[in-house]
Amino acid sequence: MARSQVEAKTQPEFRERLREADPELAGLLKKELARQRGTIELIASENFTSRAVLEAAASVLTNKYAEGYPGARYYGGCEVVDEVETLAVDRCKTLFGAEHVNVQPHSGSTANQAVYFAELAMGDALLAMKLDHGGHLTHGLKVNFSGRFYHVHSYGLDRETGRLDYDRIEEIARERQPHLIVAGASAYPRRIDFARFAGIARSVGARLMVDMAHIAGLVAAGLHPDPVAVSDYVTTTTHKTLAGPRSGVIICKQELARNIDKAVFPGLQGGPLMHIVAAKAACFKLAATEEFRQRQQQTVANAAVLAASLQQGGIQLVSGGTDNHLMLADLTDIGITGIEAENRLEEVGITVNKNPVPFDPLPPTVTSGIRIGTPAVTTRGFREAEMEEVAAIILAALGRSVTGADKKRLRRRVGELLASFPLYPHL
């Protein structure tokens with residue numbers, strides 16, 4: 001049968017492309033692609049994923065319901081998705097040297113919730129990093145499920161050094177006797193000593209969970225201390241330094257596998273998003289390549305150059321610099337708030353996010369700082385020279401006497417810089 005005859009027998013809505021079926025939505029997607037192409041993306045938790053991952057995420061696997069796990073599904077017709085999920089699991093195990101992996105969590109927050117659900121009873125004690133010192137919402141914020149369901153104790157950074165004080169963390173652990181200790185952060189620019197955290201946890205009879213969402217790509221590339229070998233649980237997203245789809249993963253010891261799998265399904269989720277599981281499989285394969293490792297090295301190098309250039313320009317950084325892909329700028333000395341800086345930089349074509357600094361006197365809707373990261377610009381191709389130019393634009397945009405004409409001039413500089421680094425030319 002000719003292709004035209006087959007198409008004639010197909011329902012019209014199955015034949016139409018998005019631009020034909022829903023021009024309004026297609027226009028918004030085109031608008032977002034233009035925004036991404038025309039912006040210097042410095043949000044530390046964002047990245048640009050590969051064409052392969054985009055294709056997997058947009059695949060026909062979105063049609064398949066697959067409650068359960070490979071070989072034990074609650075639906076028929078799962079023989080192919082069983083292979084897909086097994087491939088993703090095996091690749092993740094190899095990438096991180098893991099005993100057990102669950103690739104079904106829909107997000108990093110869901111992954112964290114599943115660990116708590118598997119390990120804690122309501123009201124159990126949890127020790128984690130304060131949100132305004134670099135922690136995450138799911139590390140015990142009062143309005144988050146973690147703060148509502150569990151008895152949370154917090155540790156923070158040393159006021160003088162801006163770094164984790166492991167001796168003080170151990171003191172708090174001995175005082176509070178938590179059932180679970182959480183290490184890892186959303187806005188901490190230094191290497192974390194996971195082995196020390198593991199020792200603290202053992203000393204008080206606690207389990208250790210590491211949330212490596214931000215640094216998973218650096219861990220995979222061997223550029224950050226590895227939490228997998230020393231932790232009971234490790235959670236991560238796949239869309240930050242790993243440059244995969246927006247989703248989550250749980251790694252754990254084999255002895256804890258059954259409880260983790262039950263916590264994810266049927267405890268918290270129904271069917272997995274199999275198209276996203278496939279995209280994770282593609283992500284893990286790419287993350288095992290030498291090209292990926294080199295990009296992670298460049299990500300760290302770019303962050304170091306950007307941090308040094310900003311400091312030379314008079315911007316203070318928490319802890320005095322960075323060891324990883326991000327930095328936290330304290331804008332107090334230059335007389336601007338985090339929200340003002342975020343808005344002003346967006347006007348010139350640079351995206352960052354307002355972020356509390358340790359001991360911040362301003363509310364989280366305002367903040368005294370901004371968080372800046374280099375994964376996305378590095379994926380796009382920026383190197384040290386471009387980071388020096390980016391720093392110069394940031395410093396000029398945040399200057400006390402910047403004018404509207406200055407902002408237009410800086411926006412043109414951003415456009416000229418981005419012109420050499422096209423994004424998704426196939427789209």
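The legends below describe close-up views of helix packing and salt bridges in a predicted model.

**View A. Packing of helix 6 against helix 13.** Helix 6 (residues 79–96) and helix 13 (residues 274–287) pack at an angle of about 35°, their axes lying 9 Å apart, and the crossing of these two helices is left-handed. Helix 6 contributes residues including Val 81, Glu 85, Ala 88 and Leu 95, while those from helix 13 include Met 274, Ala 278, Phe 284 and Lys 285. Sorted by class, the contact comprises 12 nonpolar, no polar and three charged residues.

**View B. The salt bridge between Glu 85 and Arg 73.** The side chains of Glu 85 and Arg 73 meet at 2.8 Å, N to O, joining helix 6 to strand 3 (residues 72–73) across 12 residues of the chain. Glu 85 counts as buried because its relative accessibility is 3%, and Arg 73 also counts as buried, at 15% relative accessibility.

**View C. The salt bridge between Glu 342 and Lys 354.** The closest N and O atoms of Glu 342 and Lys 354 are 4.0 Å apart; because Glu 342 lies in helix 15 (residues 338–347) and Lys 354 in strand 14 (residues 353–355), the pair ties together parts 12 residues apart in sequence. Glu 342 is buried, with a relative accessible area of 16%, whereas Lys 354, at 26%, is partly exposed.

**View D. The salt bridge between Glu 389 and Arg 413.** Glu 389 and Arg 413 form a salt bridge whose closest N and O atoms are 3.1 Å apart, and this pair links helix 17 (residues 384–397) with helix 18 (residues 404–418). Glu 389 is partly exposed, with a relative accessible area of 27%, and Arg 413 is partly exposed at 22%.

Technical notes:
Residues numbered from 1 in each chain as written. Predicted model: local features only at pLDDT ≥ 70, side-chain atom pairs only at ≥ 80, totals over all residues. Heavy atoms only, no water. Axes fitted to C-alpha atoms, helices over the stretch in contact; angles between N-to-C directions. Helix = DSSP H or I, 4+ residues; strand = E, 2+ residues; numbered from the N terminus. Left-handed = near helix turned anticlockwise from the far one by under 90°. Contact = heavy atoms within 4.5 Å. Nonpolar A, V, L, I, M, F, W, Y, C, P; charged D, E, K, R; others polar. Buried < 20%, exposed > 50% of the residue type's maximum accessible area, 1.4 Å probe, protein only.
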